[in-house]
Amino acid sequence: IIAGIKNPFGVVHAGAMLWFADVAATALVLGPGNPTEDMKGFPLAISLNANFLANQPDGALKAISTFVKKGKIVSVVRTVVLGVEDRLIAEVTTSHVLSK
């Protein structure tokens with residue numbers, strides 16, 4: 001964990017954790033390939049719900065995203081953020097709509 005994502009208490013800032021989960025969820029919905037500027041079909045987050053359950057001052061974080069619902073236009077994704085020894089750090093549910 002780099003110092004730039006820590007809060008004044010020395011653990012991961014909630015915003016950084018939410019960003020990490022959102023990027024993982026977006027990558028899942030996007031699928032293979034690389035996004036490009038102004039591309040059609042980029043999955044835009046329209047709803048985020050986060051439960052921050054723990055935190056840590058050091059060590060790696062891992063995000064695992066799975067579909068709750070994979071839709072043609074709207075998809076819902078559950079992402080868990082795990083810390084050292086796979087400790088559950090956060091559980092985030094996001095909804096994404098494909099851009100036009």
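Three salt bridges were counted in the chain, a salt bridge being a side-chain nitrogen of Lys or Arg within 4 Å of a carboxyl oxygen of Asp or Glu. Side chains of opposite charge can pair when their charged atoms come close. The structure is a predicted model, in which local features need pLDDT of at least 70 and side-chain atom pairs count only at pLDDT 80 or more, while totals for chains, interfaces and linings use all residues. Residues are numbered from 1 along each chain as its sequence is written, and side-chain values use heavy atoms, with hydrogens and water left out.

Lysine 6 sits in the segment before helix H1 (14–30), and aspartate 58 in the loop between strand E1 (43–52) and strand E2 (62–69), so the pair ties together parts 52 residues apart in sequence. Helices (H or I, at least four residues) and strands (E, at least two) are DSSP runs, numbered from the N terminus. Lysine 6 is partly exposed, at 27% relative accessible area. Aspartate 58 is also partly exposed, at 49%. Here buried means under 20% relative accessible area, exposed over 50%, and partly exposed in between (1.4 Å probe, protein chains only).

Another bridge pairs aspartate 86 with lysine 62, the closest N and O atoms being 3.1 Å apart. Aspartate 86 lies in the loop between E3 and strand E4 (88–98), and lysine 62 in strand E2, so parts 24 residues apart in sequence are tied together.

Arginine 78 bridges to glutamate 91, with a closest N–O distance of 2.4 Å. This pair links distant parts of the chain: arginine 78 is in strand E3 and glutamate 91 in strand E4, 13 residues apart. Arginine 78 is partly exposed at 35% relative accessibility, and glutamate 91 is partly exposed at 25%.

The chain as a whole has one helix and four strands. Their order along the sequence is α-β-β-β-β. Of the 100 residues, 28% count as buried. Among contacts (heavy atoms within 4.5 Å) between residues at least 6 apart in sequence, 59% join residues at least 24 apart. The C-alpha trace spans about 40 × 25 × 20 Å along its principal axes.
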